[in-house]
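Please look through the sequence and the structure shown below. The report that follows describes the chain as a whole and then turns to a few places within it.

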Amino acid sequence: MALFQWKEQSSAVLQHGGIIGPDERLPWPQTALMGVQHVIAMFGATVLAPILMGFDPNLAIFMSGIGTLIFFVLTGGKVPSYLGSSFAFIGVVIAATGYGGSGPNGNIAVALGGIVACGLAYTLIGALVQLVGTRWIEALMPPVVTGAVVAVIGLNLAGIPIKNMAASNFDSWMQGVTFVSVALVAVMTRGMLQRLLILLGLLVATVIYVLLTNGLGMGKPMDFAGILAAPWFGLPQFHAPVFQSSAMLLIVPVVFILVAENLGHIKAVTAMTGRDLDRYMGRAFIGDGIATMVSASAGGTGVTTYAENIGVMAATRIYSTAVFVAAALIALLLGFSPKFGAVIQAIPLPVMGGVSIVVFGLIAVSGANIWVRNKVDFSDTGNLMVAAITLVLGTGDFTLAFGDFKLGGIGTATFGAILLHQLLRLRPR
């Protein structure tokens, strides 16, 4: 049997209401509007991740559109997903490049090489899954492991906004204003406004920042010169990867996190739609892996399937993959606007720091949520040891040196959780 059975792909069946399945679609005007909604849902995180790594947010948006189209084709149009910037790469990219948290990343090429290598590993895992299934992944990375690793990503990054993104007492207060703004949007709004909590909180905090600095002279004023000077249309700034062994060894382990994310997302969509999407798991991994390689080869971030868009599908009960084609095309158009990129770059650093505190916290809590949803038994001593040791390794940034190569907290936590779980499984029952 061929690795891909392309004959499974068929044109979407037109529907006018009710629950819309993956292989169905609304009329094209409604499909386009739903695409806009999905772009809005993914927008905040897809823009924030490249900024935190010193990448070009315009290019990240553009490559997210390219990646989503690649994913659509390689899954035969059967799996509804949007591919946006992955936060799993932030810690290892910062560690590999020594990025200081502000402006363009001067060592971006080294990071890109590592991301391409990670995408290749992801693609190979996808090919293996396509051939033999997913049971070996579930055995290697059960919920106690994936939950701990995901939590560690957020905890390991926590020091970045607090230590590096607030140069003064005023900046620290503005970080507080920002995360309070995001929290208020989260609990005081409903529907789509609530789904845009990061974007709306950021806008509110930026307005407050401008009033206090540009208006009252309390801090560093926001500079609008770059926005005014930027053209409305132009090509994104592309970068070529450089393959450095130390950076690749640091970044490639992120593949385990990407696998866990994608596995969880597909199972969530399977539960929502009632369609058996597990048989497309290998193709989904391959699509995500190739999309990550293509993105990083041009200077973009690594990509992953987005929970934000799964949330939109759950709210609307529209699972049409045609909607994600529309969203991808819209993202491509946004990527060709330097004016849009200039607006993103002008956001004050302490405001971005406050948003980062929220985002990194949400990542950490999402790891704990994996434990809750899967009813991980912490009365089991083995589970308790895996989780406890992994959290401290990652949060404390436990580092191991192998000659000139150093494996930092996220890497040691990821490998440590996997290896420790397998070791403790050998205990007598």
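## The chain as a whole

The protein chain holds 20 helices and 6 strands, where helices (H or I, at least four residues) and strands (E, at least two) are DSSP runs, numbered from the N terminus. This is a predicted model, in which local features need pLDDT of at least 70 and side-chain atom pairs count only at pLDDT 80 or more, while totals for chains, interfaces and linings use all residues. Residues are numbered from 1 along each chain as its sequence is written, and side-chain values use heavy atoms, with hydrogens and water left out.

Of the 429 residues of the chain, 54% count as buried; buried means under 20% relative accessible area, exposed over 50%, and partly exposed in between, with a 1.4 Å probe and protein chains only. The accessible surface of the chain comes to about 18400 Å², and 68% of this surface belongs to carbon and sulfur atoms, the areas coming from the Shrake-Rupley method with a 1.4 Å probe, and for residues only the protein chains shown count as cover. Among contacts (heavy atoms within 4.5 Å) between residues at least 6 apart in sequence, 80% join residues at least 24 apart.

## Helix 4 and helix 13

The axes of helix 4 (residues 108-132) and helix 13 (residues 254-273) come within 9 Å and cross at roughly 50°; axes are lines fitted to C-alpha atoms, for helices over the stretch in contact, and angles run from 0 to 180 degrees between N-to-C directions. This angle makes helix 4 oblique to helix 13, since angles under 35 degrees count as roughly parallel, over 145 as roughly antiparallel, 65 to 115 as roughly perpendicular and the rest as oblique.

The residues of helix 4 that take part are Cys118, Ala121, Tyr122 and Ile125, and they meet Val254, Val255, Leu258, Val259 and Asn262 in helix 13. By class, this contact of helix 4 with helix 13 has 8 nonpolar, 1 polar and no charged residues, where Ala, Val, Leu, Ile, Met, Phe, Trp, Tyr, Cys and Pro count as nonpolar, Asp, Glu, Lys and Arg as charged, and the others, Gly among them, as polar.

## Helix 10 and helix 18

The axes of helix 10 (residues 197-215) and helix 18 also come within 9 Å, and they cross at roughly 150°, so that helix 10 and helix 18 are roughly antiparallel to each other. In helix 10, Ile198, Leu202, Ala205, Thr206 and Tyr209 meet Pro350, Val351, Met352, Val355, Val358 and Val359 in helix 18. The residues of this contact of helix 10 with helix 18 divide into 10 nonpolar, 1 polar and no charged.

Lys375 is found in the loop between helix 18 (349-373) and helix 19 (381-395), and Lys375 is exposed, with a relative accessible area of 73%. Most residues other than glycine have a negative phi. Phi of Lys375, however, is near 55°, a positive value, and phi of Asp397 is likewise near 55°. Asp397 is found in the loop between helix 19 and strand 5 (400-402), and is partly exposed at 42%.

Pro143, in helix 6 (residues 143-157), is 232 residues from Lys375 in sequence, yet their C-alpha atoms are 8.7 Å apart. Leaving aside neighbours within four places in sequence, Pro143 is in contact with Ile370, Trp371, Asn374 and Val376.

## Ile20

Ile20 is found in the loop between strand 1 (13-14) and strand 2 (24-25), and counts as buried because its relative accessibility is 0%. The C-alpha atoms of Ile20 and Thr321, 301 residues apart along the chain, are separated by 9.7 Å.
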